[in-house]
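Take a slow look around this fold before reading on.

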Amino acid sequence: MARLKLPCLNSATTPKLHHRSLANGIPVGYIPLPEAGLTYLDLWIGAGSRWETTTETGLAHFLEHMVFKGSRRLAEGEFDWRIETLGGASNAATGLDDVHFQVVCPAAAALEALGLLTELVLFPSFRDEAFALERLVVQEELKQTLDQPDEVAYQELLKRACGAHSYGRPILGTPASLDALTVEAMAAFHRRLYGAGRLAVVASGAVAPEAFHGHLESGPLSRWASVSPPQGVDPRLRIQPGHGHLKLKRLECARLMACWAMPPAAERTMVAGLDLAVCLLAEGRRSWLMSRLREELELVDELDLDLVPLEGGSLAILEAGCAPAKLRQLERLLPQCLTDWLGQPPRLQDLQRACRQMVTRVCFGLESAGSVAAHVGPSLLRGQVTPLDGQLADLQAWTAPTLHHQVMPLFAPHKAHWLSVLPVDNEL
């Protein structure tokens, strides 16, 4: 069967990635967007929760908070005040693999904002008093999360499915782990992971690559020392198959959840095939699971299948919501629907539908400076430099037979860890 033929993006309007490296090897990605009035700065560090030891659970996220409490040259609150005075805004997020700090600001203020962001992230002050106060903030955030039954169910699924692998530990930590963290442990974590070899910079929107890069080359990032590769990192993710049950208070409806281990994010062609499989299974009313379980049987109220690309092995996470009285029927029929789907290659019209959805998603992701930076940052950390529309070329590697033989079997029901979740006051 011929390779998939996808619509071509307009090369004149498709953003281009300009890749550079600083003297110490830190990769920098520039994505000029001529119509953008703002510059989006994103500093990525390979220092997510995956890199915590068992005694550091929650430390990566806690450190993200502490970075904003001041640096060697910035008093607490000064960074936010100066960024906002420039007309900008800042944010940060911690994931399983990485953490990133971002600033969006007018183009004329971008170089000054970059200097402030670099100072804040590279030279945090870690004062004892600020540490104690921010611990209370992080503990309150954790309490709020533990008060949301959907979040509790999701984390319980990861814990049971991933076992001892770090992907099964909560990014926010636990009440006990947060209590045990110290300033010294946080400073050591920063020294261990916040260095050249684990950093990447992305500037998108209103940005002139050459002028911007010259500024970076003369700044502290280009002189920042390298760090040694982390020791004792978890091996490739393996899911523990099985089926567990959980009851939770204030759960609005029953849930049937499933988690599969998938190839790591670095295997780009496989990830593109997985994206196609997700579209075929669960995106749109005519997808395999949606058409059968919701449109035909009216068994589920909602159904989501998400692919989470990760360095140590990606995750595919399925969540189907239904009335409590229908949960047992769903436990029987959903795996059977997956088994039926595995029985033959996808129809050409279904595959073309999924491809068009993927093209739309790629085009939408190229429209804003923020979404482009979010796509480029993790790739630069992995040492991958590809065109922004490279995912479309990866899609063209697949045919219905190769998808059927190489990708679809990864979604076999027996390879997943299943979790049935009921409201606490329901009995089946």
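Let's begin with handedness: a crossing is left-handed if the near helix is turned anticlockwise from the far one by less than a right angle, and right-handed if clockwise. Helices (H or I, at least four residues) and strands (E, at least two) are DSSP runs, numbered from the N terminus. Keep in mind that this is a predicted model, where local features need pLDDT of at least 70 and side-chain atom pairs count only at pLDDT 80 or more, while totals for chains, interfaces and linings use all residues. Residues are numbered from 1 along each chain as its sequence is written, and side-chain values use heavy atoms, with hydrogens and water left out.

**Helices that pack together**

Two packed helices are described by the angle between their axes and the distance between the axes. Axes here are lines fitted to C-alpha atoms, for helices over the stretch in contact, and angles run from 0 to 180 degrees between N-to-C directions.

| Helix pair | Angle | Axis distance |
|---|---|---|
| Helix 3 (110-122) and helix 8 (209-217) | roughly 30° | within 11 Å |
| Helix 10 (288-296) and helix 11 (327-341) | about 145° | 10 Å |
| Helix 1 and helix 7 | about 90° | 10 Å |

To put words to such angles, those under 35 degrees count as roughly parallel, over 145 as roughly antiparallel, 65 to 115 as roughly perpendicular and the rest as oblique. Helix 3 and helix 8 are therefore roughly parallel to each other, and their crossing is right-handed. Contact means heavy atoms within 4.5 Å. Helix 3 brings Ala 110, Leu 111 and Leu 114 to this contact, and helix 8 brings Phe 212, His 215 and Leu 216.

Helix 10 also passes helix 11 in a right-handed crossing. On the helix 10 side you'll find Trp 288, Leu 289, Arg 292 and Leu 293, and their partners in helix 11 include Leu 330, Leu 333, Cys 337 and Trp 341.

Helix 1 and helix 7 are roughly perpendicular to each other. In this pair, Leu 59, Ala 60, Phe 62, Leu 63 and Met 66 of helix 1 meet Ala 185, Met 186, Phe 189 and His 190 of helix 7.

**The two sides of helix 7**

Stay with helix 7 for a moment. Buried means under 20% relative accessible area, exposed over 50%, and partly exposed in between (1.4 Å probe, protein chains only). Which residues of helix 7 are buried? In this helix (residues 183-193), they are Val 183, Met 186, Ala 187, Phe 189, His 190 and Leu 193. They sit on the same side of helix 7 because they cover an arc of only 160° around the axis, where the arc is that of the directions from the helix axis to the C-beta atoms.

Ala 153 belongs to helix 5 (residues 149-162) and is buried, at 2% relative accessible area. Ala 153 and Arg 255 are 102 residues apart in sequence, yet their C-alpha atoms are 8.8 Å apart. Setting aside neighbours within four places in sequence, Ala 153 contacts Leu 246, Leu 248, Met 257, Leu 419 and Val 421.

Val 227 is in the loop between helix 8 and strand 7 (242-248). From Val 227 to Tyr 194 is 33 residues in sequence but 7.5 Å in space, C-alpha to C-alpha. Not counting residues up to four places away in sequence, Val 227 touches a group of residues including Arg 191, Leu 193, Tyr 194 and Gly 195.

**Two positive phi angles**

Arg 250 isn't a glycine, but its phi is positive, near 60°. You'll spot Arg 250 in the loop between strand 7 and strand 8 (254-262), where it is exposed at 53% relative accessible area. Glu 298, not a glycine either, has a positive phi of about 50°. Glu 298 lies in the loop between helix 10 and strand 9 (302-308) and is exposed, with 57% relative accessible area.

**What about the cysteines?**

A disulfide is a covalent bond between the sulfur atoms of two cysteines. Here the rule is a pair of cysteine sulfur atoms within 2.5 Å. How many disulfides does this rule give? The count is 0. For Cys 162, the nearest cysteine sulfur belongs to Cys 259, 5.2 Å away. For Cys 279, the nearest is that of Cys 355, at 8.4 Å. Cys 162 is buried at 4% relative accessible area, and Cys 279 is buried too, at 0%.
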